[in-house]
Amino acid sequence: MKTTIPPMAQSPQPHSTEKWEQAFDALTDHVMILDHSGNIIWANRAIRDLIEPHVGSIVGHHYQLPYYGTILPQSPPPWETVLAGALSAVVETSFPAMPGSFLVSCYPLLDAQGTQWGAISVVKDITDRKRIEVALRQIAQNDPAPGSMAFLRTLVKDLCHALNVPYAILADLEDPTQPQAQTVAISANGAYAENFVWTPPALLFEELLHVKGCAWNTITSPLFPSTSALSSWHVTSYMGITLRGQAGKVIGLLLVLSPEPIANPHVAKSIVQLFAARAASELQRKKSEEALRDSEQRYRAIVENAYDLIIEISQKGECHYASPNCQIVLGYESADLLGKNFFDFVHPEERLSLTKSFHNQIGALQENDMVCRVQTKHGEWRWFESHIHPFRTSVGTVKGVIVARDITEQRQVEEERVRATKLESVGLLAGGIAHDFNNILTSVFANIGLAKMITAKQASANPSVVERLSAAEKACLRARDLTKQLLTFAKGGAPVKSTTSIASIISDTVEFALRGSSVRCHLQIPDHLWTVVVDEGQISQVLQNLVINAEQAMPEGGEISVNVENISLPTPSDLPLKSGNYVQVTVTDQGIGIPLDHLSKIFDPYFTTKQRGSGLGLATTYSIIKRHEGHISVSSSLGKGASFTLYLPASSMKMAIQDDTPHDLIRGNGRILVMDDEEEIQDILGKMLQHLGFDVDFASEGEKALSQYTLAFHQGAPYVATILDLTIPGGMGGKETLRQIKALHHEAVVIVSSGYSNDPVMARFQQFGFSGVIAKPYNLLDLSKVLSLIV
């Protein structure tokens, strides 16, 4: 490009000169006219105002002085090619004497004959444009990973650089309705500031939410009050925009802040919007990644802390993942399971069918439920209820997730419920048999005793007959002991206690439990044992459990030792018992012993090491002892046997002395009413009472007995005693009959009798209002003793 401008020496027309000078002076770019040597002939106001305040008039000086500070620059200036005859020069460059970046445009000036006499130079400051270009290029080519904190920090720093402002804030906004944000990246004077929870000024927050696009303002007073953490920034000019994520939801804020007015606001708005688009994208990515990470951590925490076993398996059944609880429940480390086939741990009885079902369903992505036994590391088989959820991975591989719950105890409870129902039925049957047997035995026992007594009084009595009758009487006593065992089996619940010596309970129970066994028992029971208040049947059950366990621990035979002694516990003691007197019973065997890891579980319900054991024997033992306010402990080591020790509170009450020596019959007189539904009992009881000197009336059930008693009472001749059978099938029994008799005659003497010797009424007859008790079976002497005490 060649430009023809009249040289200054030619003195152009005044009005013409004024026009082009005014035009050039209006530009912000530097415009200079140079002669052929590069000296400045004319300069516009922009360059004059920049240079002349420091060095004076620049006209007549070489053009290199304002830009290079010298006329001998190290590198050739862009003007030189044009001054040397080139058609033009357009170059981006920088100058040693002037900060920033510039675009130099230089063109030759020709006279009317076409001879170059100089050049015109236009220097444009492109510092801001270059800064914006660099910032935009850095956004596109940033090194930090997108969505990372480093990337977002770089973003706000580049924004400050692009707009030449000192401060920028990128903040995360969880709830657009609440003016509280969490800063994500802060650039302050070229450095990064620490993030904090930030509450933007209310007016600024409302403006950002409601202004479409970019909000901008310059205010006279600082934006942030003196109480704000940002008050030291002295912000009076700001530009900001909301960041929107998926579905247009506001997720954050982007603000640039300055103590000076923001230059070129229209260009700055475009730049802020451009940065905001990238910031919103990266902030949404960051929030999505954090949500995914939180979700992964949450589900990992659930999986790793779940009581259920969670196992990931391949389509072939190989274990690829096992939750930590597998070690707690099954005993396996992860390495014991990974790579192994899950179904190899399933019980052989279920393995084939479950494996076949699994392979048929997992390929079709069908969910599957199964119940099976799984072997623990210690060889125990435990029941599990499992659900298999198949899924296809992103690469198309089919896998399955097994969620398995240990239901061993649940199955044991259910099995025990069925077993308990059966036992209850058997118990009811045993109780009924014992009751009926006691009624029969009462007739036999009483008849034999009566016959023996009558025969013995005859002068011509045959001694052998009396001897045989005595033997039969002893057999009846053994039969009575058998019915006691049946009743003990049939009973349950709270103990029916009475004061007794535990010595006889121990000897009788051990003899019964070891009948027919090859195991011997050595009893060490001292004289003068303290009495105890116990349910004889339940304590017998406890001892029977311990003795039977000891016998089973010695399949080849051996000796059981039972030691009993009185002890006094101080305060405090090592035992969980109150201080006081106790009777201590220790049962020791010579068996195989109990492993150390089993000792803490030995009294747990359903815990057993026996192939066919229910796991209830010792649990029941523990429960019974606790109900007696006692304690039971165990000590053992493998190969050295086991020792169980019972502690039962001693009683200060004395037991009635059982005197088995023959006594003379104690006779009486008067009329006695007998209520019993068994004719045999009525017959023999009537004969025994008559033998003792009493008159007898009979009733088969409560209504008749009450009618007869009422008639006698109103006639002024009440019965001296009434014997009531406790249980009358299909009729009013002893308790209700007693209540109505007492209502009629409060002083009535009433004796309760029953074949259910374990009934609470029999043990605590006085609490129910009875005057005496006689348990079936009984003989003439037993009847005589009871009547003599109350009639």
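Reader: Which residues does Ser323 touch, not counting residues up to four places away in sequence?
Author: This is a predicted model. Ser323 is found in the loop between strand 15 and helix 9 (325-329). Leaving out residues up to four places away in sequence, its contacts are Val303, Asp308, Leu309 and Ile310.

Reader: Is Ser323 buried or exposed?
Author: A residue counts as buried when its relative accessible area is under 20%. The relative accessible area of Ser323 is 2%, so the residue is buried.

Reader: What is the strand order of the open sheet with antiparallel pairing?
Author: The edges of this sheet are strand 15 (319-322) and strand 16 (368-375), each of which pairs on one side only. From one strand to the next, the twist averages 30°. The five strands, with antiparallel pairing, have the order 15-14-18-17-16.

Reader: In strand 18, which residue is the bridge partner of Phe391?
Author: Strand 17 (residues 381-392) and strand 18 (residues 398-406) run antiparallel and are joined by nine bridges. The partner of Phe391 in strand 18 is Lys399.

Reader: What angle does the direction of helix 11 make with that of strand 16?
Author: Helix 11 (residues 348-362) packs on the sheet, where it touches strand 14 (309-314), strand 16, strand 17 and strand 18. Its direction and that of strand 16 make an angle of about 145°.

Reader: What is the strand order of the open sheet with parallel pairing?
Author: At the edges stand strand 27 (695-699) and strand 30 (772-775); each has a single partner strand, so one side of each is left without a neighbour in the sheet. Neighbouring strands are turned by 20° against each other on average, direction ignored. The order of the five strands is 27-26-28-29-30.

Reader: Which residue in strand 30 is the bridge partner of Val752?
Author: Strand 29 (residues 750-754) runs parallel to strand 30, and four bridges join them. In strand 30, Val752 has as its bridge partner Val773.

Reader: At what angle does helix 22 run to strand 30?
Author: Helix 19 (residues 702-714) lies across strand 26 (671-675), strand 27 and strand 28 (721-725), at about 165° to strand 26. Helix 22 (residues 780-790) also packs on the sheet, touching strand 26, strand 28, strand 29 and strand 30. The direction of helix 22 makes with that of strand 30 an angle of about 175°.

Reader: Which residues does Ile539 touch, not counting residues up to four places away in sequence?
Author: Ile539 is one of the residues with the most contacts inside the largest core. With residues up to four places away set aside, it touches Ile502, Ile505, Val534, Ile624, Ile625, His628 and Leu648.

Reader: How many residues does the second, separate core have?
Author: This core includes Phe151, Met239, Ile241 and Leu243. Its residue count is 30.

Reader: Is the pair of Trp20 and Phe24 stacked or edge-to-face?
Author: Trp20 and Phe24 are four residues apart in helix 1 (residues 14-25), so about one helical turn separates them. Planes over 60 degrees apart count as edge-to-face. The ring centres of Trp20 and Phe24 are 5.9 Å apart and the planes stand at 70°, so the pair is edge-to-face.

Reader: How many residues apart are Tyr167 and Trp233?
Author: Their ring centres are 4.1 Å apart and their planes are at 0°, so the pair is stacked. Both Tyr167 and Trp233 are buried. Tyr167 is in strand 7 (residues 167-172) and Trp233 in the loop between strand 11 (215-218) and strand 12 (237-244); this pair links distant parts of the chain, with a separation in residues of 66.

Technical notes:
Residues numbered from 1 in each chain as written. Predicted model: local features only at pLDDT ≥ 70, side-chain atom pairs only at ≥ 80, totals over all residues. Heavy atoms only, no water. Pairing = 2+ DSSP bridges. Helix = DSSP H or I, 4+ residues; strand = E, 2+ residues; numbered from the N terminus. Axes fitted to C-alpha atoms, helices over the stretch in contact; angles between N-to-C directions. Contact = heavy atoms within 4.5 Å. Core = buried A, V, L, I, M, F, W, Y, C linked by side-chain atoms within 4.5 Å. Buried < 20%, exposed > 50% of the residue type's maximum accessible area, 1.4 Å probe, protein only. Phe/Tyr/Trp six-rings, centres within 6.5 Å; stacked < 30°, edge-to-face > 60°.
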